[in-house]
Amino acid sequence: MLIRRRAGIASEIIVVKGLGKNFGSLTALHDLDLAIKEGELFGLLGPNGAGKTTLISILATILPPTRGSATICGHDIRHNQHEVRRSIGIVFQDPSLDDELTGAENLDFHARLYGLDTRARLSRMEEVLALVDLEDRRNDLVKTYSGGMRRRLEMARGLMHHPHVLFLDEPTLGLDPQTRRKIWNHILTLKDTFGMTVILTTHYMDEADHLCSAIAIMDHGQIVALDTPDALKSQLGGDVVYLETSPLDKEFVKDLRDAQEVTNVSIHDNILALTVAKGESFIPIAFDAAARFGVTISGVSMRKPNLEDVFIKITGREIRDEAVSTPKERIRVYSWGKRR
Amino acid sequence: MATIYTLWLREIRRFKRNKGRLIGSMALPALFLVALGSGFGAFFRYRSDVSYTAFIGPGIVGMSLLFSSMFGGMNVLWDKQFGFMKEILVAPVSRIAIVAGKTLGTVTTSLIRGTVFLAALYAGRLVEFDIIGFLEVLVFMFLISASFVGLAIAFASRMSDPHGFQLIMNFVIMPVFFLSGSLFPLDGLPGWLKVLTFLNPLTYGVDGMRFALGGPHHFPPLLDLSVLLIFWALTTIAGALMFQKMSA
């Protein structure tokens with residue numbers, strides 16, 4: 001399957017061609033083609049096991065592809081690994097900090113590995129710590145940090161060498177809603193500050209919708225849709241307005257069905273579901289019609305289509321949330337830490 | 001070079017921070033020295049002028065080096081478990097430099113422990129050495145430590161599960177220690193024990209240290225040195241190869 005973005009011929013920072021990965025007899029990635037524009041906040045959305053992390057790991061050169069090729073900033077992920085690694089920052093799905101070092105020492109370790117000199121190390125440490133609001137905790141051991149703080153520190157670390165592309169693999173997995181919001185704000189701030197390209201994977205629909213300028217929906221190792229969030233949602237034909245009336249008046253229903261704004265009507269018991277372009281402006285029209293036919297509307301609700309609906313429409317099923325097991329895994333890992 | 005220093009610095013920072021672990025890691029060898037030394041020493045002397053405690057002194061230094069080096073190298077396994085290895089492996093640096101830095105860091109911290117032990121033995125008049133002897137013993141200590149760090153990195157790179165650590169503890173670390181001549185003299189051993197002991201590289205390390213510390217030793221020091229150098233080369237190559245093959 002070939003999916004190519006229409007715009008941005010000149011400034012494609014990541015180009016993926018026929019990239020595939022097998023684990024034994026299991027095909028984790030079917031031959032993917034993908035181009036990501038510079039400066040984009042690109043979301044890879046899909047259920048667990050869709051191949052998002054596999055794709056990111058291959059692009060980050062920590063997993064060799066079975067077939068196909070990819071370039072980042074023009075560097076080939078197979079043949080110019082060091083150049084690729086220098087141009088990317090990555091925040092892994094699982095924790096990857098040294099608990100027994102302080103936040104500042106973790107950053108210092110990273111900066112040294114990426115060859116920054118003393119001055120750059122110190123100035124960038126200030127810069128990234130300020131960005132993620134960890135200045136006052138820099139000299140505390142990472143093992144005293146909360147989950148959200150660890151994530152923020154990992155993001156700060158990924159930025160220290162000023163990468164062109166930042167990968168965030170499930171950046172808010174296992175975090176509480178308040179912390180998720182904060183992380184979202186940090187992602188948007190750092191993208192604006194550095195103007196870098198950000199690739200994030202998530203299985204949270206709202207996260208992708210809120211953050212991303214372009215989204216690829218992945219399922220079973222394939223990209224099944226790729227567009228802006230708005231364009232994806234507009235595939236569904238608009239908002240759905242639910243009207244509850246009793247009894248159901250046939251004339252009233254016919255009138256609504258004939259209305260210009262309505263593209264689809266379905267009836268479940270005494271609830272009418274109407275698909276319309278703009279729900280807000282349609283509801284008064286519906287009430288006017290009800291008044292004309294002497295129908296009492298006992299309840300009304302409206303739903304804006306979300307990416308979940310898009311996913312259901314494309315794949316025919318709901319996104320499977322198997323993520324529940326992951327926080328448990330983490331707890332296990334952390335408790336092991338104390339025995340070290 | 002910068003990479004080696006970075007990895008070395010990490011080991012040193014962690015070592016400095018964890019005083020509890022330092023004391024903990026010294027406790028077991030100290031217990032061996034005092035308990036076995038006094039216990040067996042009551043009815044066994046190596047020679048009229050060498051008490052059993054004085055005899056096992058260098059062996060206990062060897063034990064401290066073996067344990068701290070193996071544990072340090074096996075830390076690779078923990079870094080994998082806690083994800084920190086990914087951070088290291090995704091950096092634009094060579095893996096050989098990573099192994100070298102990790103090894104040097106662990107060797108440094110192991111030598112600090114070993115030297116503290118040595119100083120305690122010296123203070124307790126259990127060993128005697130001059131500056132030349134001290135330099136000689138440092139050479140043997142370095143070779144013992146670096147060899148076993150390499151061996152541990154080779155094992156840890158192959159393993160994916162931290163439970164494997166227990167396996168290494170029971171089937172490598174313990175046998176290597178007990179079959180090394182650290183606790184018993186090498187003359188007059190039964191045949192099977194002699195074979196096992198003479199195949200054990202730590203035997204030569206401890207024997208070399210005994211020589212450097214002016215104690216009773218079994219082999220010519222040059223033989224001790226040669227065996228250790230070969231073992232060091234082999235384990236370093238094994239560690240580097242396995243680490244390069246490892247995936248995060």
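How many bridges join S7(A) to S8(A), and do they run parallel or antiparallel? Five bridges join the two strands, and they run parallel. I note that the model is a predicted one.

**Entry 1: chain A overall**

I began with the totals for chain A. Its secondary structure comes to twelve helices and 14 strands. Along the principal axes, the C-alpha atoms fill a box of roughly 80 × 45 × 40 Å. Of the 340 residues in the chain, 41% are buried. I also checked contacts with a separation of 6 or more: 72% of them are between residues 24 or more positions apart.

**Entry 2: the six-stranded sheet**

I then traced the sheet that holds S7(A) and S8(A). It is an open sheet of six strands with mixed pairing, in the order S6-S7-S8-S3-S9-S10 (chain A). Strands S6 (88-91) and S10 (222-227) of chain A are at the edges; each has a single partner strand, so one side of each has no neighbour in the sheet. From one strand to the next the twist averages 15 degrees.

I went through some of the pairings. S6(A) and strand S7 (residues 165-169) of chain A run parallel and are joined by four bridges. Here A:Ile90 has A:Phe167 in S7(A) as its bridge partner. On to strand S3 (residues 41-45) of chain A: five bridges join it to S8(A), and the two run parallel. A:Leu41 stands opposite A:Val198 of S8(A).

Next I looked at burial in strand S8 (residues 197-202) of chain A. Six of its six residues are buried, so the strand is largely enclosed by the rest of the structure. In a regular strand the side chains alternate between the two faces of the sheet. I sorted the residues of S8(A) by side: A:Thr197, A:Ile199 and A:Thr201 are on one, A:Val198, A:Leu200 and A:Thr202 on the other, and both faces are covered.

I also noted what lies across the S6 end. Helix H5 (residues 147-159) of chain A lies across S6 and S7 of chain A, at about 170 degrees to S6(A).

**Entry 3: helix H4**

I checked the span of helix H4 (residues 118-131) of chain A. From first C-alpha to last, its 14 residues reach 20 Å, close to the 20 Å expected at 1.5 Å a residue.

Which residues of H4(A) are buried? They are A:Met125, A:Val128 and A:Leu129. Seen down the axis of H4(A), the buried residues fall within an arc of 100 degrees, so they line one face of the helix. An α-helix has 3.6 residues a turn, so residues three or four places apart point the same way. On the other side of H4(A) I found A:Arg119, A:Ser123, A:Glu126 and A:Ala130 exposed. The cover over the buried residues of H4(A) includes H3 and H5 of chain A. After H4(A) comes A:Asp133, which has a positive phi, near 60 degrees.

**Entry 4: A:Leu107**

I picked one residue from helix H3 of chain A, namely A:Leu107. Is A:Leu107 buried or exposed? With 23 other C-beta atoms within 10 Å, A:Leu107 is buried, the cut-off being 20 or more. Leaving out neighbours within four places in sequence, I listed its contacts as A:Met125, A:Val128, A:Ala156, A:Arg157 and A:Met160. A:Met125 and A:Val128 are among the buried residues of H4(A). For A:Leu107 and A:His75, 32 residues apart in sequence, the C-alpha to C-alpha distance is 26 Å.

Strand S1 (residues 12-23) of chain A and S2(A) run antiparallel and are joined by eight bridges. A:Ile14 has A:Ile36 in S2(A) as its bridge partner.

**Entry 5: the contact with chain B**

Last, I looked at where the chains meet. Chain A puts 25 residues into the contact and chain B 22 residues. On the side of chain A that touches chain B, helix H2 (81-87), helix H3 (103-113) and helix H12 (325-337) of chain A each supply at least two residues. H3(A) gives the most, with four residues. I sorted this side of chain A by residue type: twelve nonpolar, four polar and nine charged.

How values were computed. Residues are numbered from 1 along each chain as its sequence is written. Chains are lettered from A and ligands numbered from 1 in the order in which they are written. This is a predicted model: local features need pLDDT of at least 70, side-chain atom pairs count only at pLDDT 80 or more; totals for chains, interfaces and linings use all residues. Two residues are in contact if their C-beta atoms, placed from the backbone, lie within 7 Å. Ala, Val, Leu, Ile, Met, Phe, Trp, Tyr, Cys and Pro count as nonpolar, Asp, Glu, Lys and Arg as charged, and the others, Gly among them, as polar. Two strands pair if DSSP finds at least two bridges between them. Axes are lines fitted to C-alpha atoms, for helices over the stretch in contact, and angles run from 0 to 180 degrees between N-to-C directions. The expected span of a helix is 1.5 Å times one less than its number of residues. A residue is buried if 20 or more other C-beta atoms lie within 10 Å of its own, exposed if 12 or fewer, and partly exposed in between; C-beta atoms are placed from the backbone. The arc is that of the directions from the helix axis to the C-beta atoms.
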